[in-house]
Amino acid sequence: MPGQKTASKRLMRPKMSIRSGDEVVVIAGKDRGKRGRVTRVLIEKNRVIVDGVNMVKRHLRRQPGSLQAGIIDMPAPMSRANVMLICPNCNEPSRASRSILPDGTHVRNCKKCGETFDKER
Ligand SMILES: [Zn+2]
C-alpha cells in the first residue's frame, strides 16, 4: 500500500470546508441564528454568500442590458468564520473533519455524528 501513515500532517493553509449548496447557520453578527444555503464561496477572500443572510440594499441605475433598476435586496459576502456548517444528518451546527476515501476522493464528515456531508455529490 503506497501512502500509509502520513496522516495528521497539519496544513497551515486555510482550506474552505464550506461549499456552495451547504446549509449553514450564522454564529456572529446581526444575522446571528439565521440559517441559509450557501450560494457562492469566495475562497481567496475567505468569504461566503448565504442566501437570505446579510442582505444589503443595492441602488441600481437602469442600464442597457440590465433588467433590474431601483433598490433591490441582495446577500452580501460575509466572513466564513461567522457561519457554521449544518450537518444534513443530525441537523445541528457542526464542525467538519476531512478524510480521504481509499479511492482518493476528499469527503467531509460531521464531527458529531460521523456522517459524511458529501453523500450525494
Ligand atoms: Zn451530524
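A: Begin with one pair of residues. L60 has G70 in β5 as its bridge partner. Keep in mind that this model is predicted.

Q: Which strands pair over six bridges, and in which sense?
A: Strands of a sheet pair through backbone hydrogen bonds, either parallel or antiparallel. Here β4 and β5, residues 70-75, pair over six bridges in the antiparallel sense.

Q: In what order do the five strands of the open sheet lie?
A: Read across the sheet, strand by strand. The order is β6-β3-β2-β1-β7, and the pairing is antiparallel.

Q: Why is one side of β6 and of β7 left without a neighbour in the sheet?
A: Both stand at the edges. β6 (78-79) and β7 (83-85) each have a single partner strand, so one side of each has no neighbour in the sheet.

Q: How do I read the pairing of β1 with β2?
A: Look for the bridges. β1 spans residues 23-26 and β2 spans residues 35-42; three bridges join them in the antiparallel sense. V24 has G36 in β2 as its bridge partner. E23 stands opposite R37 in β2.

Q: What joins β1 to β7?
A: Three bridges, and the two strands run antiparallel.

Q: Now the loops. Where does G29 lie, and which residues is it in contact with beyond its neighbours within four places in sequence?
A: G29 is in the loop between β1 and β2. Setting those sequence neighbours aside, G29 is in contact with M78 and N82.

Q: Is N54 buried or exposed?
A: Count C-beta neighbours; 20 or more within 10 Å means buried. N54 has 21 inside 10 Å, so it counts as buried. N54 sits in the loop between β3 and β4. G29 has 13 such neighbours, so G29 counts as partly exposed.

Q: What is the phi of N54, and what is the phi of N46?
A: N54 has a positive phi of about 60 degrees, although it is not a glycine. N46 also is not glycine, and its phi is positive, near 60 degrees. N46 lies in the loop between β2 and β3 (47-50). With 13 other C-beta atoms within 10 Å, N46 is partly exposed.

Terms used:
Residues are numbered from 1 along each chain as its sequence is written. This is a predicted model: local features need pLDDT of at least 70, side-chain atom pairs count only at pLDDT 80 or more; totals for chains, interfaces and linings use all residues. Two strands pair if DSSP finds at least two bridges between them. Helices (H or I, at least four residues) and strands (E, at least two) are DSSP runs, numbered from the N terminus. A residue is buried if 20 or more other C-beta atoms lie within 10 Å of its own, exposed if 12 or fewer, and partly exposed in between; C-beta atoms are placed from the backbone. Two residues are in contact if their C-beta atoms, placed from the backbone, lie within 7 Å.
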